[in-house]
Amino acid sequence: MSPLMMYQLVALGLLAIGLYGIVWRKSLVGMLISVELMLNGAGLSIVSSAQLTAADSATGQIATLFVMGLAAAEATLVLAIIVVVAKRFKSTETDAVSRLKG
Amino acid sequence: MELMAKIAFVVYTLLVLGGGCFAVGAHSLVRAMVGLITSLLGVAGMYMLMAAPFMAFMQILIYVGAVCILIFFAIMLSRADSHGVESGSRRPGKALLSALAFISPVFVIGWVVVNYQPESIRIPLEVPLEVIGKGLLDNYALAFELISVVLLAAMAGAVLLAFEKKGRGAE
């Protein structure tokens with residue numbers, strides 16, 4: 001097994017755990033944690049394929065920096081959404097906010 | 001040295017996957033966040049193993065330092081009680097549905113990863129920080145500026161959303 005494949009499989013494991021968690025969790029915060037896990041898997045995969053193949057390493061690291069920046073922006077927005085949902089519905093369970101008002 | 005690297009890789013793998021399982025399975029959301037931090041630190045260790053210390057530093061600074069604090073604020077502001085909303089019963093068959101959610105994408109990607117692997121470098125080289133900085137300001141300057149705009153917009157939007165009700169009350 002090559003080193004690249006081992007890192008890719010760990011990243012794939014993170015994706016699997018994140019996908020499982022985003023369906024399994026009942027609260028918005030739990031889903032946010034699962035999304036962070038998946039984004040981490042993406043970052044690990046990008047850096048490993050940049051560092052361990054003949055591809056340009058700097059490009060891969062810059063791409064992962066962008067992924068991290070987007071994850072931070074996404075976490076900020078989700079925090080605001082959770083605050084609004086908690087104010088209006090008095091809970092952050094996904095079942096409580098599953099109905100649309102038309 | 002090779003053996004040390006292998007041992008470190010196994011330890012980091014256990015940290016990453018164990019922390020991830022804890023982050024998904026724990027009943028209390030604060031404990032889930034601790035699991036997430038463990039997993040993030042494991043990924044930072046893997047970056048060190050791949051000779052990318054700057055990425056490891058950024059991982060700890062941005063994820064553990066910023067994103068986890070944000071998640072902690074989210075737990076605090078949503079008034080999640082100590083038992084947590086997660087500990088209640090779930091619909092029957094939800095575990096099966098959750099398992100189905102990851103089986104097909106992971107199977108497809110895993111098949112590709114195992115069958116189509118490019119030539120791997122055994123000992124990766126460290127990229128000097130100047131090269132990354134030059135790349136950010138030469139080739140990827142537009143993306144670099146755009147991501148700061150995205151961050152600014154996200155923060156302004158967050159403030160706008162969170163203060164919406166107060167603003168209405170003042171009118």
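Here is a short chat about this predicted model and how its chains meet.

Q: What ipTM and pTM does the predictor give the complex?
A: The complex gets an ipTM of 0.92 and a pTM of 0.89.

Q: And chain B, what pLDDT does that average?
A: Chain B averages 87, and 90% of its residues score at least 70.

Q: Which element of chain B has the lowest mean pLDDT, and which the highest?
A: Helix H7 of chain B (residues 164–170) is the lowest, with a mean of 53. Helix H2 of chain B (residues 29–49) is the highest, at 94.

Q: Is the crossing left-handed or right-handed?
A: H3(A) passes H5(B) in a right-handed crossing.

Q: Which residues make the contact?
A: From H3(A) you've got Ala58(A), Gln61(A), Ile62(A), Leu65(A) and Phe66(A). H5(B) brings Val131(B), Ile132(B), Gly135(B) and Leu136(B).

Q: How many of those are nonpolar, polar or charged?
A: The contact of H3(A) with H5(B) has 7 nonpolar residues, 2 polar and no charged.

Q: Switching to rings: how many aromatic pairs are there over all chains?
A: The count comes to 4. One of them is Tyr7(A) with Phe9(B), whose ring centres are 4.9 Å apart.

Q: Why is that pair edge-to-face?
A: Because the ring planes of Tyr7(A) and Phe9(B) sit at 85 degrees, and over 60 counts as edge-to-face.

Q: Where are the two residues?
A: The pair crosses between chains: Tyr7(A) is in helix H1 of chain A (residues 3–24), and Phe9(B) is in helix H1 of chain B (residues 2–25).

Terms used: Residues are numbered from 1 along each chain as its sequence is written. Chains are lettered from A and ligands numbered from 1 in the order in which they are written. This is a predicted model: local features need pLDDT of at least 70, side-chain atom pairs count only at pLDDT 80 or more; totals for chains, interfaces and linings use all residues. Side-chain values use heavy atoms; hydrogens and water are left out. pLDDT is the predictor's confidence in each residue, from 0 to 100. Helices (H or I, at least four residues) and strands (E, at least two) are DSSP runs, numbered from the N terminus. A crossing is left-handed if the near helix is turned anticlockwise from the far one by less than a right angle, and right-handed if clockwise. Contact means heavy atoms within 4.5 Å. Ala, Val, Leu, Ile, Met, Phe, Trp, Tyr, Cys and Pro count as nonpolar, Asp, Glu, Lys and Arg as charged, and the others, Gly among them, as polar. Rings of Phe, Tyr and Trp (its six-membered ring) pair if their centres lie within 6.5 Å; planes under 30 degrees apart count as stacked, over 60 as edge-to-face and the rest as tilted.
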